[in-house]
Amino acid sequence: MIKDIQITKDDDGISVKIYRQGKIMGNHFSIFRTTNGYKCREFNMDELIDKKILSNIKKTNFHSIDTAFNRIITLLPKDIQETLRRKYDTIKKST
């Protein structure tokens, strides 16, 4: 069960923190700008996504933040996906 989800956006990308009930550490990933597009960096996401898939995602250059974000959240549990999509849409509309 989700306790809190935080999404922050700046000029270089976004940062997503997922806090679940009963867990001390949050799950965190960020998408940031590079010279070749956007890359993903993750911290403690192996509880939610298989390590091999995470490894491939970290090596991939995405052409936009949206593409990277959508690729990552499709791998997450449905309840987290829905909440993240709503929060991300709100942030996109406000900028």
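Helices (H or I, at least four residues) and strands (E, at least two) are DSSP runs, numbered from the N terminus.

A word on the model before we go on. This is a predicted model, where local features need pLDDT of at least 70 and side-chain atom pairs count only at pLDDT 80 or more, while totals for chains, interfaces and linings use all residues. Residues are numbered from 1 along each chain as its sequence is written, and side-chain values use heavy atoms, with hydrogens and water left out.

How many residues does the hairpin use to join strand 1 to strand 2? Two. Those strands, residues 2-10 and residues 13-20, pair over eight bridges, and Ile5 stands opposite Ile18 in strand 2. Strand 2 also pairs with strand 3 (residues 27-34), over six bridges. There, Gly13 has Phe32 as its bridge partner in strand 3.

Rings of Phe, Tyr and Trp (its six-membered ring) pair if their centres lie within 6.5 Å; planes under 30 degrees apart count as stacked, over 60 as edge-to-face and the rest as tilted. The structure holds two such pairs. Phe29 and Phe69 have ring centres 6.4 Å apart and planes at 40 degrees, so this pair is tilted. It links Phe29 in strand 3 with Phe69 in helix 2, 40 residues apart.

Why is the pair of Phe69 and Tyr88 called stacked? Because the planes of their rings are at 20 degrees, with the centres 4.0 Å apart. Phe69 is in helix 2 and Tyr88 in helix 3 (residues 78-94), so this pair ties together parts 19 residues apart in sequence. Phe29 and Phe69 are both buried, and Tyr88 is buried too; that means under 20% relative accessible area, with exposed over 50% and partly exposed in between (1.4 Å probe, protein chains only). Phe29, Phe69 and Tyr88 form one aromatic cluster.

Notes: Two strands pair if DSSP finds at least two bridges between them.
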